[in-house]
Amino acid sequence: MFMGTPDFSVPILQMLLNQSDSEVVAVVTQPDRPKGRRRVLTPSPVKEEALKHQIPVLQPERIRAEEELKAVLSYEPDLIVTAAYGQLVPKELLDAPPFGCINVHASLLPELRGGAPIHYAIIQQKKETGISIMYMTPKLDAGPVLAQRSIPIEATDHVGMLHDKLSACGAALLEEILPAIWERRIDAQPQIDEEATFAYNISREDEKIDWSQNHRKVEALIRGLHPWPVAYTSVHGQTLKVWWAVLSGETTGESPGTILRITKEGIDVACGDQTVLTLTELQPAGKKRMNATDYARGKTSPLQPGVQLGELY
């Protein structure tokens with residue numbers, strides 16, 4: 001049985017579907033959700049993939065509810081594989097499969113437990129991250145680890161790029177260790193809880209740029225939220241999304257958040273520690289994303305040298 005929901009999970013499901021010596025008996029995913037401006041009810045990427053292969057799909061609103069849990073257990077899976085499913089799996093289900101319930105997690109556990117490990121790996125300016133495959137326990141991402149694989153984080157990686165690399169890495173690593181799981185010849189290593197760090201889901205406040213941070217931290221935040229949910233600041237009380245920025249080698253004595261100048265390369269903004277960041281791609285409220293210089297040089301743009309970003313008015 002496979003349990004997953006977003007795009008990250010799809011390559012892992014595809015790999016399992018290609019296994020000749022096992023069968024995916026059912027897929028469990030989140031219920032269809034409204035999407036877009038018209039709020040159209042939309043299936044998850046995992047559901048779409050499962051339906052292509054005529055795999056039974058279950059979409060419990062609350063998998064802990066008695067009837068919904070009973071429906072999942074009725075398939076009597078030998079092994080459950082989860083990847084970014086989106087709900088806590090109850091103990092009754094964890095204990096049911098004879099080969100266990102395993103999870104594909106996008107970090108090098110015990111580092112970055114939680115729902116946003118890819119975002120925080122970039123935001124925290126880590127040099128590498130990776131995939132951990134572990135037995136699931138009732139405690140969040142704390143189960144014994146069956147296998148890990150690290151990958152480097154490049155200086156220009158954003159969340160979308162790292163997401164795709166880790167998803168492919170997770171599918172490949174799981175494919176490698178599946179025979180050992182079936183043959184019960186793999187030793188899982190317990191995690192050291194004292195070394196755990198956490199990457200809880202991104203909040204709206206987490207997306208706001210703090211210009212008092214130095215330019216490397218601000219640039220890492222922007223890459224760590226690109227292309228979703230996207231970092232933001234404000235100008236004259238209006239939200240301004242910042243899609244991309246590059247480091248500048250210049251220094252300044254201006255207060256953090258001050259627009260220093262507008263050039264053909266972008267908009268130079270003062271950051272903490274007298275550093276400077278060049279904003280290159282923006283999205284004003286109610287408009288499409290665009291080149292920062294083009295927007296700043298527009299007739300109605302509020303972005304001018306001396307303007308302070310991040311202030312409400």
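Where is the place of Gln274? In this predicted model, Gln274 sits in the loop between β13 (267-270) and β14. Phi of Gln274 is near 65 degrees, a positive value in a residue other than glycine. Most residues other than glycine have a negative phi, and most peptide bonds are trans.

The chain comprises eight helices and 15 strands. Its C-alpha atoms fill a box of roughly 65 × 45 × 30 Å along the principal axes. Of the 313 residues, 51% count as buried. Among contacts with a separation of 6 or more, 64% are accounted for by residues 24 or more positions apart.

In soluble globular proteins, nonpolar side chains tend to be buried together. The largest nonpolar core of the model has 70 residues. Within this core, the residues with the most contacts are Phe2, Leu174, Ile267, Leu279 and Leu303. Helix α6 (residues 159-182) contributes eleven residues, the largest share of the core. A second, separate core has 14 residues, including Ile63, Val72, Ile80 and Tyr85.

The surroundings of Leu279 were examined with neighbours within four places in sequence left aside. On that basis, Leu279 is in contact with Trp211, Val242, Trp244, Ala245, Glu265, Gly266, Ile267, Val269, Ala292 and Leu309. Leu282 belongs to strand β14 (residues 275-284). Leu282 counts as buried because its relative accessible area is 0%, and buried means under 20%. Leu282 and Tyr232 are 50 residues apart along the chain, and their C-alpha atoms are separated by 9.1 Å.

In α1 (10-17), the buried residues are Val10, Ile12, Leu13, Met15 and Leu16. The elements covering these residues include β1, β2, α2, β6 (80-83), β7 (101-105) and α6. In helix α2 (residues 45-52), the buried residues are Val46, Lys47, Glu49 and Ala50. Viewed down the axis of α2, these residues fall within an arc of 165 degrees, so they line one face of the helix. Their cover includes β1 (2-4), α1 (10-17), β2 (27-28) and β5 (57-58). Gln54 follows α2 and has a positive phi, near 55 degrees.

Helix α6 also contains His163. The relative accessibility of His163 is 10%, and therefore this residue counts as buried under the 20% limit. Apart from its neighbours within four places in sequence, His163 is in contact with Asp7, Phe8, Ile118 and Trp228.

The bond from Trp228 to Pro229 has omega near 0 degrees, and Pro229 is found in the loop between α7 and β10 (231-235). A cis peptide bond also runs from Leu109 to Pro110, with omega near 15 degrees. Pro110 lies in the loop between β7 and α5.

The second largest pocket holds about 320 Å³ of space. Its lining consists of 17 residues, and those nearest the pocket centre are Gln125, Ala155, Arg216, Glu219 and Arg223. Two or more lining residues are given by each of α5 (117-123), α7 (215-224) and β11 (238-251). By class, the lining divides into nine nonpolar, two polar and six charged residues.

Gln125, one of the residues nearest the centre of this pocket, lies in the loop between α5 and β8 (128-135). Although not a glycine, Gln125 has a positive phi of about 60 degrees. Gln125 counts as partly exposed because its relative accessibility is 38%, which falls between the limits of 20% and 50%.

Key: Residues are numbered from 1 along each chain as its sequence is written. This is a predicted model: local features need pLDDT of at least 70, side-chain atom pairs count only at pLDDT 80 or more; totals for chains, interfaces and linings use all residues. Side-chain values use heavy atoms; hydrogens and water are left out. On a 1 Å grid over the protein atoms alone, a cavity is a set of points where a 1.4 Å probe fits but cannot get out, and a pocket is an open set with protein on both sides within 12 Å along at least five of seven lines; lining residues have an atom within 4 Å of a point. Grid points are joined across faces, edges and corners, and a volume is the space filled by probe spheres set on the points. Helices (H or I, at least four residues) and strands (E, at least two) are DSSP runs, numbered from the N terminus. Ala, Val, Leu, Ile, Met, Phe, Trp, Tyr, Cys and Pro count as nonpolar, Asp, Glu, Lys and Arg as charged, and the others, Gly among them, as polar. A nonpolar core is a set of buried Ala, Val, Leu, Ile, Met, Phe, Trp, Tyr and Cys residues joined through side-chain atoms within 4.5 Å. Buried means under 20% relative accessible area, exposed over 50%, partly exposed in between (1.4 Å probe, protein chains only). Contact means heavy atoms within 4.5 Å. The arc is that of the directions from the helix axis to the C-beta atoms.
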